[in-house]
Structures are given as C-alpha cells and as structure tokens.
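User: Hi, I've got a model open and I'd like to talk through its surface and its charged pairs. Could you take a look with me?

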Amino acid sequence: SAELARRATALDHLLGLLKGKRRGLTLRLQAPLQKHLNRYLQLLFPGASLEIDENLSPGPLTRPGARGQESGDFEALSFGAREQMGVISRLAYADLLKEAGRPTLIILDDALVHSDEGRLAQMKRVLFDAATRHQILLFSCHPEDWRDLGVAPRAIANRRS
C-alpha cells in the first residue's frame, strides 16, 4: 500500500513535468504562429485578433463591428469566413516553415469559392503578400475571379486516356 502510494506520487510528478514541458513547447510555437497569423488577419480584417488555444486551434475572433468590438467563436463564423481563416492559417504555418529554412509550396484548389467579391479582393491582397515569400499554385474552375492577380493564368488540358 505504501509502495503503491509512492508510485502514484511519482507518476503524478512525472505527469506534471510532462504537462509543463508540453505547455512550454506549445508556447514556443504559439507565439510565432500568432505573429504570422496576425499579419495576414490585419490584411483581411483590420483591427481584428484571433486567439490560438493550447492545441493550436483557432479560438474566438474579435473584430471591429458596427457597434464596437464583436467577438465570436470560430465555429460561429460563416462558412466563407472559416474558409478564409483556414487559408490564412496555412499561410502562417508556411511562414514558420520558411523561418526554419524549410521549402514551402502552397497549393490551393478552388479555395475561397464561398467569399463575396469584397472579401475575395481582401484575400487577394493576403495571397499577394504571401506570394512574396512562398510559391503558391492556385487551381480554379473560376479563372475569371483570379485575372487581377498579376500572373497570367494557364489552362490545364483535361486529357483522358
């Protein structure tokens, strides 16, 4: 019984140490990720902030609204806004890889199809900014939406054997 209590105490201590190390590692990754995320977020929603939780998942988004600051959970955002935040998150992770000296290639396949015209224009600014640091391939069935990116679109022939 005393041996079991001693082992339980040792395991509790070990669990505490592991949780502390995990928390430290998460914070070391969370801060630079938050910095890159905020960079893109300001291009999309000036004055907004998005919290990243301990699992590095998006938390509440706070942004200026008609009646002052508005805050809401990520899941409460429209599908288009969640899609835009997903692209921004991928770009922020790509920035972390770039800082670590790793090559980056971002492939977007029919991304942002749920964005209205105004938000799509803002996301183009985000993509243009990211393209100064990363190679981005954007595939779309709607080339007319992307003609103003400054790069000539290339059609891909649909070949069937």
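**Surface patches and salt bridges**

Analyst: Leu105, Ile107, Leu137, Phe139 and Ile156 make up a nonpolar patch on the surface, and together they have about 460 Å² of accessible area. This is a predicted model, where local features need pLDDT of at least 70 and side-chain atom pairs count only at pLDDT 80 or more, while totals for chains, interfaces and linings use all residues. Residues are numbered from 1 along each chain as its sequence is written, and side-chain values use heavy atoms, with hydrogens and water left out.

User: What goes into a patch?

Analyst: Patches are made of residues with over 30% relative accessible area and no salt bridge; like charges are joined within 9 Å, and nonpolar side chains (Val, Leu, Ile, Met, Phe, Trp, Tyr) within 5 Å. The areas come from the Shrake-Rupley method with a 1.4 Å probe, and for residues only the protein chains shown count as cover.

User: Which strands supply at least two residues each of the nonpolar patch?

Analyst: Strand S4 (105-109) and S5 do. Strands here are DSSP runs of E, at least two residues long, and helices are runs of H or I of at least four, numbered from the N terminus. Leu137 sits in strand S5, and Leu137 is partly exposed because its relative accessible area is 33%. For that scale, buried is under 20% relative accessible area, exposed is over 50%, and partly exposed is in between (1.4 Å probe, protein chains only).

User: Which residues of S4 are on the covered face, and which on the uncovered one?

Analyst: Ile106 and Leu108 are on the covered face, with Leu105, Ile107 and Asp109 on the uncovered one. In a regular strand, side chains alternate between the two faces of the sheet.

User: How many bridges join S4 to S5?

Analyst: Five, and the two strands run parallel. Strands pair if DSSP finds at least two bridges between them. Leu108 stands opposite Leu138 in S5.

User: OK, charges now. Which residues gather in the patch of negative charge?

Analyst: Asp116, Glu117, Glu144 and Asp145 gather there, on the surface. Asp and Glu count as negative, Lys and Arg as positive, and His and the chain ends are not counted. Each charge is placed at NZ of Lys, CZ of Arg, CG of Asp or CD of Glu. Glu144 is in the segment after strand S5 (135-139), and with a relative accessible area of 46%, Glu144 is partly exposed.

User: How many salt bridges does the structure hold?

Analyst: Seven. A salt bridge means a side-chain nitrogen of Lys or Arg within 4 Å of a carboxyl oxygen of Asp or Glu. One of them joins Glu3 and Arg6, with the closest N and O atoms 2.7 Å apart. Glu3 and Arg6 are three residues apart in helix H1 (residues 2-44), so about one helical turn separates them.

User: What about Arg39 and Asp129?

Analyst: Their side chains meet in a salt bridge at 3.1 Å, N to O. That pair links distant parts of the chain, 90 residues apart: Arg39 is in helix H1 and Asp129 in helix H3 (residues 117-130). Arg39, Asp95, Asp129 and Arg133 are linked in a network of salt bridges.

User: And is Asp129 buried or exposed?

Analyst: Asp129 is buried, at 19% relative accessible area, while Arg39 is partly exposed at 40%.

User: Last one: how far apart are the closest N and O atoms of Lys124 and Asp148?

Analyst: They are 2.7 Å apart, in a salt bridge. Lys124 lies in helix H3 and Asp148 in the segment after S5, so this pair ties together parts 24 residues apart in sequence. Lys124 counts as buried at 13% relative accessibility, whereas Asp148 is exposed at 56%.
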